[in-house]
Amino acid sequence: GGQAVIEGVMIRGPEHMAVAVRHPKGHIVTHSERLSGIYTGRSRRIPLVRGVVVLWETLALGMRALNFSSRIAFEEEESEDGKPVEFPEKAFFGTMLLALVFVVAVFFAAPILLANVLERWDVPRFWIVLVEGLLRLGLFVGYIAAIGLIPDIRRVFQYHGAEHMTIHAYEAGRPLTVAEVRNFPKEHQRCGTSFLLVVVVVALLTFFVFDLLVDEGLAVRTASRILLVPLIAGVSYEILRFGARYRENGFVRALFAPNIALQGLTTKVPDDSQVEVAIASFEATLAAAGLRGGEQAAAP
């Protein structure tokens, strides 16, 4: 798997990751490194636990790749004193923390407060919980649709499409060339967007049951939205693995159709130069693992 970054793509292999970024001068800069610790440990093989690990991994490796890509993409820019613009790692982790606060506030706390207004009108608890879940789902999809209108984000979504197409080509055993990669779809069953959508849906069902069984007021409901996130992430990841394993089954494909549809918002058709970057990232990951383009890495 992997993800798109600023003017580039990060690919994560079983034990290595690589980032390829288009430099402002036109050439491609790559960076690869071996992963260890939690990224390759036994916790990634334990059902339910591995979902939480993958969620953290997505944030941590994503920010690391984003840090590298920003340094390359803006390398030619200079500050007022004439020195190259730098992006301190502490600033990125601060940004990640603010992003987490934003996610909790908008996608977890806000729907509770909005739905709670219905209690003033003596609306049955069943409908209040249902409205909260639907509000959370609507905010999630609406947010993705809105940021996709920003030109810079749209370019990131194009790199996201290039990443998926390259992975498709590799999994099909095809040569990693622009012409070959272009034959594959920009959507992928194991996409992180699919993971997030499954998380939102599982959260809707989990909170629905929790609130019907435990109704101890606004404070308890708000705390449950945060404390139950690890369990929800764990269950969601197992569902996603199930969908990927049986993706050829017609019923499973229909069940996961909304996941693929949502990728219509988070992936865009890339141009050839963006596909080249995705291929460079994938090949750098293979090279770090001592493999060539036609060889398959072991499943993580």
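Reply: Leaving aside residues up to four places away in sequence, Ser-236 touches Phe-195, Val-198, Val-199 and Val-202, where a contact means heavy atoms within 4.5 Å. Keep in mind that this is a predicted model, in which local features need pLDDT of at least 70 and side-chain atom pairs count only at pLDDT 80 or more, while totals for chains, interfaces and linings use all residues. Residues are numbered from 1 along each chain as its sequence is written, and side-chain values use heavy atoms, with hydrogens and water left out.

Ser-236 belongs to helix α8 (residues 229-245); helices (H or I, at least four residues) and strands (E, at least two) are DSSP runs, numbered from the N terminus. Ser-236 counts as buried because its relative accessibility is 0%; buried means under 20% relative accessible area, exposed over 50% and partly exposed in between, with a 1.4 Å probe and protein chains only.

Val-198 and Val-202, both touched by Ser-236, turn up again in the lining of the second largest pocket. A pocket here is an open set of points on a 1 Å grid over the protein atoms alone, where a 1.4 Å probe fits, with protein on both sides within 12 Å along at least five of seven lines; lining residues have an atom within 4 Å of a point. Two or more lining residues come from each of α6 (192-213) and α10 (257-266), and α6 gives the largest share, five residues. The volume of this pocket is about 200 Å³, taken as the space filled by probe spheres set on grid points joined across faces, edges and corners.

Moving on to Val-141, you'll find this residue in helix α3 (residues 125-147). Beyond four places in sequence, Val-141 touches Leu-262 and Leu-265. Val-141 and Leu-265 are 124 residues apart along the chain, yet 8.8 Å separates their C-alpha atoms. With a relative accessibility of 30%, Val-141 is therefore classed as partly exposed.

Helix α4 (residues 151-171) makes a handy geometry check: its 21 residues reach 31 Å from first C-alpha to last, close to the 30 Å expected, which is 1.5 Å times one less than the number of residues. Just after α4, Gly-173 has a positive phi of about 75°.

Two non-glycine residues may interest you too. Glu-7, in the loop between β1 and β2, has a positive phi of about 55° and is partly exposed because its relative accessibility is 22%. Leu-48, in the loop between β4 (28-34) and α1 (49-73), has a positive phi near 75°.

Helix α5 (residues 178-181) has the highest mean, 96, and helix α2 (residues 89-116) the lowest, 66. Residues 78-82 fall below 50, and this stretch has four contacts beyond near neighbours in sequence. Under 50 as well are residues 296-300, with nine contacts beyond four places in sequence.

Key. pLDDT = per-residue confidence, 0-100.
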